[in-house]
Amino acid sequence: MKTVACVIHDGFSPFEFGVACEAFGLDRTDSGVPNFDFRVVAPQPGAVASTMGFSVNVEHDLSFAYEADLVVFCPVPASSWTSIDPRLIDLARDAVARDAWVLTVCSGSFILAAAGVLDGRRATTHWRYSDVMADMYPQIDIDPDVLFVQDGHIITSAGTAAGIDACLHLLRLELGAELTNRIARRMVVPPQRDGGQAQFIDRPIPVVPNDSLAAVADWAVEHLAEDLGVDQLAARALMSPRTFARRFKAEYGATPAAWLARQRVLHAQRMLERSDLPLDRIAEESGFGSAAVLRQNFARVLGTTPTAYRARFSCADPEPSAA
């Protein structure tokens, strides 16, 4: 992936637009991250009005997007859902037909829905709009609960911050875990939220800081090689297993088992990129126990094998020192 087109239109949302610019448009070569040829495009170049009373002057029309490796569609205002610009529909169809990456944030998925490219596919959007989309496009398998969905080369995401998760997911597929972690650190966001996590987090900010399970989660990440389960983590949190499991899902949007599996995959990814250790050793240090279990989890989460992943992403340059 070398070229990225971010498509905006009248009524675009500044935050989601900024997410795409931040994820794909910044120069991070000083951190060893390759640059993308990133351009903001619009059906009609010139002033494009946002929802916040200001406009952005866009230099490029859609021609660049027809050749881009990734096309990002920003949200569409509700007033336009029944009358999507035909130029955006044509672009969506072309991008999917040539198997380019296509990523939507929030209601940007309505462009793909109107283009018919989500028919028979699984997708998501902001939970507030999922029922509307289901009524308008019953042929789409809409999951209203998750942060983002990848179906082939199409990634649809939920509202606002879920767009960050979707962008980091795509970057991880293209650049590997190590470089994506550098990007996430620069953005000061967690790199590990999985698409299957719930849109609804019951306890995003604990009322009392000491009430958070963050310390237990941090400890678990440092001890992934151990036999960790709900009982062990609950004991460390001084809770019953049932209470811990309920509280953990409320705070992290995933069960402890699902969260741990994702952390172990991420740890294995980084070890594959940064070392020549055999798979059995990586499986052991990641907490999977055996290379067979490691392969099963890689296939489930990443759709590839550890060997193929290493062949693609190994030998990443070491991160520059902070000196």
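Which residues is Ile 155 in contact with, leaving aside its neighbours within four places in sequence? The first legend answers this for a predicted model.

**View 1. Ile 155 sits in strand β10 (residues 154-157).** Leaving aside neighbours within four places in sequence, Ile 155 is in contact with Trp 101, Val 102, Leu 103, Thr 104, Phe 148, Val 149, Gln 150, Ala 166, His 169 and Leu 170. Contact means heavy atoms within 4.5 Å. Ile 155 counts as buried because its relative accessibility is 0%. Buried means under 20% relative accessible area, exposed over 50%, and partly exposed in between (1.4 Å probe, protein chains only). Strands (E, at least two residues) and helices (H or I, at least four) are DSSP runs, numbered from the N terminus.

**Numbering and limits.** Residues are numbered from 1 along each chain as its sequence is written. In this predicted model, local features need pLDDT of at least 70 and side-chain atom pairs count only at pLDDT 80 or more, while totals for chains, interfaces and linings use all residues; side-chain values use heavy atoms, with hydrogens and water left out.

**View 2. The largest nonpolar core has 41 residues.** A nonpolar core is a set of buried Ala, Val, Leu, Ile, Met, Phe, Trp, Tyr and Cys residues joined through side-chain atoms within 4.5 Å. Ile 8, Phe 17, Phe 24, Leu 70, Leu 103 and Leu 171 have the most contacts inside this core. Two or more residues come from each of β1 (3-7), α1 (14-24), β2 (37-41), β4 (55-58), β5 (70-73), β6 (101-104), α5 (162-175) and α6 (177-187). Helix α5 gives the most, with nine residues. Leu 70 touches Met 1, Thr 3, Val 4, Ala 5, Phe 24, Trp 101, Val 102, Leu 103 and Leu 170, not counting residues up to four places away in sequence. A second, separate core has 33 residues, including Phe 64, Ala 95, Val 102 and Val 117.

**View 3. Helix α6 is mostly covered.** Nine of its eleven residues are buried. They are Ala 177, Glu 178, Leu 179, Thr 180, Asn 181, Arg 182, Ile 183, Ala 184 and Met 187. These buried residues pack against α1, α5, α10 and α13 (306-313).

**View 4. Helices α6 and α10 pack at an angle of about 115°, with their axes 8 Å apart.** Axes are lines fitted to C-alpha atoms, for helices over the stretch in contact, and angles run from 0 to 180 degrees between N-to-C directions. From α6, Ala 177, Glu 178, Leu 179, Asn 181 and Arg 185 meet Gln 269, Arg 270, Glu 273 and Arg 274 of α10. By class, this contact has two nonpolar, two polar and five charged residues. Ala, Val, Leu, Ile, Met, Phe, Trp, Tyr, Cys and Pro count as nonpolar, Asp, Glu, Lys and Arg as charged, and the others, Gly among them, as polar.

**View 5. Gly 32 lies in the loop between α1 and β2.** Gly 32 is partly exposed, with a relative accessible area of 38%. Leaving aside neighbours within four places in sequence, Gly 32 is in contact with Leu 179 and Arg 182. Gly 32 and Leu 179 are 147 residues apart in sequence and 7.4 Å apart in space, C-alpha to C-alpha.

**View 6. Val 188 and Cys 106 have positive phi values.** Val 188 is found in the loop between α6 and α7 and counts as exposed at 73% relative accessibility. Phi of Cys 106 is near 55°. Cys 106 is in the loop between β6 and α3 (109-115) and counts as buried at 6% relative accessibility.

**View 7. Helix α7 (residues 214-222) has buried residues Val 216, Ala 217, Trp 219 and Ala 220.** They cover an arc of only 160° around the axis, which puts them on the same side of α7. The arc is that of the directions from the helix axis to the C-beta atoms. The face turned away from this buried side carries the exposed residues Ala 215, Asp 218 and Glu 222. The buried residues of α7 pack against α8 (230-236), α9 (241-252) and α10 (256-274).
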